[in-house]
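Please look over the sequence and the model shown here before reading on.

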Amino acid sequence: MARYAVLIYAHDSAHAPDATPQDTESCDRHSDELVQDGSMVVAYALTPRDMATSIRGDTITDGPFLDSKEVVAGFYVIEAPDLDGALAIARLNPVVREGGGVEVRPVHSGFVKGEEDIAG
Amino acid sequence: VTDAAAVKTAVADAHRREWARVLAATVRLARDLDLAEDSVQEAYACALDGWARVGIPDNPAAWLTATAKRRVIDAIRRDQALRSRLPLLVGPEDAADEVARPEFTAADADDPGEALPDERLRLIFMCCHPALAAEAQAALSLRLVCGVAIPDIARAFLVSESAMRARITRAKRKIATARIPFRVSGSAELPERLRGVLAVIHLLFTTGHTAPSGASLVRAELVDQAMHMARMLRELMPDEAEVQGLYALLLVTDARRATRAGADGRLVRLKDQDRSQWDRAALAEADDLIIGCLRAGPPGRYLLQAAIASLYADAPSYDQTDWPQILALYDRLLEVWPSPVVALNRAVSLAMVAGPQAALAEVERLERDGRLSGYQYLPAIKADLLSRTGRTGEAADAYRQAFSLAANAAERAFLAEQIADHAFPT
């Protein structure tokens, strides 16, 4: 099995500090499904773009790194036999039908504190 | 029992003088701006009652801080989620210890670990964290540190009140969620926040120099706060040219304070002000600073503004002002600070050098640009230029437009007079 990172692009993250379970329902349900079928390795939901801080050179600025319509709202790593398998999983992400999209990237290597090397 | 009027005055006085210091000390315990603001507000409300019963305390700031801190602790205790939040609350100071010992102590006011000697300055440096947008830094500082009302802040930034409210709420949310610390940990962080801090002090000064609304032209307490902070900053960072530049700019501008309004409170234009009443000692101090800094290196925004202001002030009369030199300085200023407000002020000196017609073309270009829509000084300057080219009727229209945008009583009275003069020329 290979590992793929899925970057979620949306106008903004639904996971605001004061988000209700309803606000994040579709993301959470999809995440649970991937956990249950065993393909989810690790997943992070990020807070909205207003909470972002960027560094370029010596300069720190308020807001996301790229000034674009979409931001990275979260990311997760899945296990799949090949790219087609990964794309089949990634396209199920509800954001794809909600005006955003996902980017699938093969993982080279990685680290999570307290775990073994999670290299693909 | 203390006289109710005396208590009211004492509380109002403490609000003006001590708000920022009390808030800064409370924020450090609460680690939450909204909770701190609410608690400080409640402490002031308690003072009205409490001081009437037991008398006005010797140290109102200490009383208010202790009361506000008790409110914070009560609120935290009431909070059912205390346990889950406890890890967030425990910072470099031990929060549990603070809960057990809520009295105001000297250590709260004067922490030797701090890089800054003054609570207000400390709070401004915190608000000017680079992770907050520049306008948010300034807006938040004016609101929190200087207690300026949101409609007045909105006016200073040429945005609507609701937009300003949203901006401040958003900044507070980011501080809470991203956990921007309520202290400046080292002096290394000071220079990178300096630009924002200077902008805040300048804005505070201009807000006081020409009050955005209300009956009087000047809000002396804001001007004095800004002067005080600029002076402290100078002692703290003597090698920063822009710190000197800002201080010089405030000195020159404030030197004219006594002559900017007549005995009846009405606005007096620069060309009509009594130059013999200007504070010559302040002007001389500023001149020395400006000359010294101009020799030291390429001038920044505040130094250039100070140099322009001092050229105005040093001229024996309005007509004998060195307009070509002022125009040249405005050109430099526009390079380091390309703002439409600077371009508009440049047009005033352009009129003196190249005539009102050339300046009018420039003002009309700025009008089309749209960024200054809602800025009362654009139609006011345009009106003056139209009047000088003999287009009296159009001048009256432009003065009317300025009048509809102005909210300060002294400025409105001045503009009303101009409308009358131009609509019905004698």
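Is B:Leu158 buried, partly exposed or exposed? With a relative accessible area of 34%, B:Leu158 is partly exposed, where buried means under 20% relative accessible area, exposed over 50%, and partly exposed in between (1.4 Å probe, protein chains only). This is a predicted model, in which local features need pLDDT of at least 70 and side-chain atom pairs count only at pLDDT 80 or more, while totals for chains, interfaces and linings use all residues. Residues are numbered from 1 along each chain as its sequence is written, chains are lettered from A in the order in which they are written, and side-chain values use heavy atoms, with hydrogens and water left out.

Most residues other than glycine have a negative phi. B:Leu158, although not a glycine, has a positive phi of about 55°, and B:Arg31, likewise not a glycine, has one of about 50°. At 24% relative accessibility, B:Arg31 also counts as partly exposed.

Turning to the interface, the contact (heavy atoms within 4.5 Å) takes 12 residues from chain A and 10 residues from chain B. On the side of chain A that touches chain B, five residues are nonpolar, four polar and three charged, with Ala, Val, Leu, Ile, Met, Phe, Trp, Tyr, Cys and Pro counted as nonpolar, Asp, Glu, Lys and Arg as charged, and the others, Gly among them, as polar. Across this interface the rule finds four salt bridges, each a side-chain nitrogen of Lys or Arg within 4 Å of a carboxyl oxygen of Asp or Glu; among them is the pair B:Lys174 and A:Asp62 (3.0 Å, N to O).
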